[in-house]
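Biologist: Could you take me through the aromatic rings and the helix packing in this one?
Modeller: Gladly, here it is.

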Amino acid sequence: MEFNEYQKLANRTLYGNEQVLTNCALGLASESGEVIEMIKKYTFYADKLDKKKLTKEMGDVLWYLSQIAQWADISFDEVAKQNIEHLSKKLH
C-alpha cells in the first residue's frame with residue numbers, strides 16, 4: 001500500500017471538530033507511549049513481546065501521523081520520501 005493511499009483511507013475514520021490537530025497530537029503521544037511501554041516491559045521486565053499487539057499500536061501511531069499530515073495538507077508519501085533523504089545524508 002502506498003502512503004498516500006493509506007492517508008486517504010485513514011482519513012475516512014477521522015472524526016472531530018476544529019480541534020482535530022490537538023486531538024491528533026495528543027493521540028500520537030498516547031499511542032507512542034503505548035509502544036514505548038511495551039518495549040520497556042520487554043527490555044527491563046522480561047515480558048514477552050506481543051508482536052500482534054505491537055503491530056496494532058504501531059498502526060495507531062501511523063494513523064495519527066497520517067492525519068496530522070492530512071490536516072497540514074502534506075502528502076504522506078512526501079513525509080516518507082523526505083525522511084529517507086534525511087537518513088541517507090546521515091550515512092554519508
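**Aromatic pairs and a helix contact**

Modeller: Phe3, Tyr6 and Phe76 are linked into a cluster by ring pairs, where rings of Phe, Tyr and Trp (its six-membered ring) pair if their centres lie within 6.5 Å. This is a predicted model, in which local features need pLDDT of at least 70 and side-chain atom pairs count only at pLDDT 80 or more, while totals for chains, interfaces and linings use all residues. Residues are numbered from 1 along each chain as its sequence is written, and side-chain values use heavy atoms, with hydrogens and water left out.

Biologist: How many aromatic pairs does the structure hold?
Modeller: The structure holds three aromatic pairs. The rings of Phe3 and Phe76 have centres 5.4 Å apart and planes at 85°, so this pair is edge-to-face (planes over 60 degrees apart; under 30 is stacked and the rest tilted).

Biologist: And Phe76, buried or exposed?
Modeller: Phe76 counts as buried at 6% relative accessibility, whereas Phe3, at 38%, counts as partly exposed; buried means under 20% relative accessible area, exposed over 50% and partly exposed in between, with a 1.4 Å probe and protein chains only.

Biologist: Switching topic, at what angle do helix 1 and helix 4 pack?
Modeller: Helix 1 (residues 3–11) and helix 4 (residues 76–91) pack at about 140°, with axes 7 Å apart, the helices being DSSP runs of H or I with at least four residues, numbered from the N terminus. Axes are lines fitted to C-alpha atoms over the stretch in contact, and angles run from 0 to 180 degrees between N-to-C directions.

Biologist: Which residues of helix 1 make the contact?
Modeller: Phe3, Asn4, Tyr6 and Gln7 of helix 1 meet Phe76, Asp77 and Ala80 of helix 4, contact meaning heavy atoms within 4.5 Å.

Terms used
Helices (H or I, at least four residues) and strands (E, at least two) are DSSP runs, numbered from the N terminus.
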